[in-house]
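Here is a short report for a reader new to this structure. Keep the sequence and the 3D view open while reading.

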Amino acid sequence: MVSDIGRERLLAPSDQGATRPPADDGVPEDWVSALSSSGADQQAAMRALHDLMVRAAAHQVWRMRSALPDASPGTVDVIVNQAADEAMTALLRKLHTFEGRSRFTTWAFKFAILQAATDVRRLQWQHREVELRDLDLERVPHDTHDGPERQAEGADLARAVAGAMDTCLTPHQRRVAVALLVDGVPIDVLAERLGSNRNALYKTVHDVRRRLREDLTQRGYLPVDSSRTDLDPHPHATAGSS
Amino acid sequence: MTPPPTPPHVLPPGAVAALLLDTTPYLSCDECFERMDTHVEAVLDEPGHHDLAMDRHLVGCAACAEEAQSLIALCAGH
């Protein structure tokens with residue numbers, strides 16, 4: 001039998017909004033004071049905060065439900081509850097850092113969203129191996145098609161990027177970049193498998209991108225003043241041109 | 001004519017674009033998380049809101065981008 005909470009969690013967020021009272025009903029005006037107090041006020045604030053955490057975790061799990069190996073109501077209920085509990089613990093550790101620059105609910109939601117998203121990704125990959133591999137340069141396409149010019153330019157750029165990865169990056173940088181940006185391994189899953197963290201891997205990828213862009217700019221594949229927003233995977237610039 | 005299937009271990013166009021993103025100015029995932037609530041409220045209050053460091057981080061980090069989009073959706077319906 002599906003619990004009331006379980007049923008709510010299987011509803012789309014818009015449906016939840018239609019069937020549930022606003023989460024702010026009866027919540028403290030000053031969350032930080034209430035949560036930092038003691039007695040009945042604190043207990044009421046903790047319950048209200050947990051409701052917020054459950055709501056945000058359910059929202060996130062709903063968004064990512066197609067990634068779940070088992071999206072049955074009972075499993076979803078467990079995932080949401082665990083994420084909400086862990087997020088609440090994380091939030092309470094950071095409570096002293098809340099400065100009121102946003103609404104408290106917005107600040108609180110982000111903890112549950114982060115936790116639930118991380119949990120779903122971990123479940124999605126729990127039985128999948130993460131292969132840390134180098135790029136196989138032999139299999140980067142050479143003259144792949146006799147098709148339109150842009151297709152040829154795309155293959156040309158792909159070869160140039162692969163070459164730059166081989167010459168400009170360390171083996172660790174290549175493997176992280178391939179796992180995250182070619183094979184699509186989620187960053188927190190890779191961090192867990194490597195005993196690393198999201199910050200460190202993102203920094204690695206940031207450095208990879210910077211080095212590749214510098215090399216390809218020097219070689220004329222990217223315009224000198226190009227920015228991320230106008231990056232075209234099939235740029236008009238070709239090798240040797242500026 | 002159907003194009004031949006892409007063999008594994010190559011760089012598809014999406015991967016090339018992802019590898020060449022300009023993610024400067026640098027912003028860590030932790031810094032993105034710290035700013036996310038104020039950023040989301042600014043985006044909701046002012047649809048043209050622009051924060052270069054956040055914008056570039058969110059384009060370059062799929063996980064943070066999903067979480068920011070999710071927070072926007074949740075707050076928009078809240």
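B:P25 sits in the loop that links α1 and α2 of chain B.

**Confidence**

The model as a whole scores ipTM 0.89 and pTM 0.83. Chain A averages a pLDDT of 83, and 76% of its residues score at least 70. Two stretches of chain A, residues 1-24 and residues 228-242, have a pLDDT below 50. For chain B the mean pLDDT is 90, with 86% of residues at 70 or more. In chain B, pLDDT stays under 50 over residues 5-9. The table lists these stretches with their contacts in the model.

| Stretch | pLDDT | Contacts beyond near neighbours in sequence |
|---|---|---|
| Chain A, residues 1-24 | below 50 | 33 contacts |
| Chain A, residues 228-242 | below 50 | 36 contacts |
| Chain B, residues 5-9 | under 50 | 4 contacts, beyond four places in sequence |

Where pLDDT is low, the predicted coordinates should not be read in detail.

**Chain A**

How many helices and strands does chain A have? There are 10 helices and 0 strands. Read from the N terminus, the order of elements is α-α-α-α-α-α-α-α-α-α. Chain A has 242 residues, and 36% of them are buried. Take the contacts in chain A between residues at least 6 apart in sequence: 69% of them join residues at least 24 apart.

**The nonpolar core**

The largest nonpolar core holds 83 residues. Those touching the most other members are A:M53, A:A57, A:V80, A:A112, A:V161, A:L180 and B:L19. Domain 1 (4-124) and domain 2 (137-230) of chain A each supply at least three residues to this core. In soluble globular proteins, nonpolar side chains tend to be buried together.

Neighbours within four places in sequence aside, A:V161 contacts A:L212 and A:L216 in chain A, and B:L11, B:V16, B:L19 and B:L20 in chain B.

**Where the chains meet**

The contact between the chains takes 47 residues from chain A and 37 residues from chain B. On the chain B side, the elements giving two or more residues are α1 (13-19), α2 (29-45), α3 (52-60) and α4 (62-76). That side divides into 23 nonpolar, 7 polar and 7 charged residues.

**Helix α9 of chain A**

Helix α9 of chain A covers residues 187-194. Its buried residues are A:I187, A:D188, A:V189, A:L190 and A:A191. What do they pack against? Their partners are α6 (104-124), α8 (171-182) and α10 (198-218) of chain A, together with α4 of chain B. Just after α9 of chain A comes A:G195, with a positive phi of about 65°.

**A:H50**

A:H50 belongs to helix α4 of chain A, residues 39-63. Is A:H50 buried, exposed or partly exposed? A:H50 has 16 other C-beta atoms within 10 Å, so it counts as partly exposed. Burial would take 20 or more, and exposure 12 or fewer. Setting aside residues up to four places away in sequence, A:H50 touches A:A84 and A:M88. The C-alpha atoms of A:H50 and A:A87 are separated by 9.2 Å, though these residues are 37 apart along the chain.

How values were computed: Residues numbered from 1 in each chain as written. Chains lettered and ligands numbered in written order. Predicted model: local features only at pLDDT ≥ 70, side-chain atom pairs only at ≥ 80, totals over all residues. Core = buried A, V, L, I, M, F, W, Y, C linked by C-beta atoms within 7 Å. Domains from an automatic or database assignment. Contact = placed C-beta atoms within 7 Å. Helix = DSSP H or I, 4+ residues; strand = E, 2+ residues; numbered from the N terminus. Nonpolar A, V, L, I, M, F, W, Y, C, P; charged D, E, K, R; others polar. pLDDT = per-residue confidence, 0-100.
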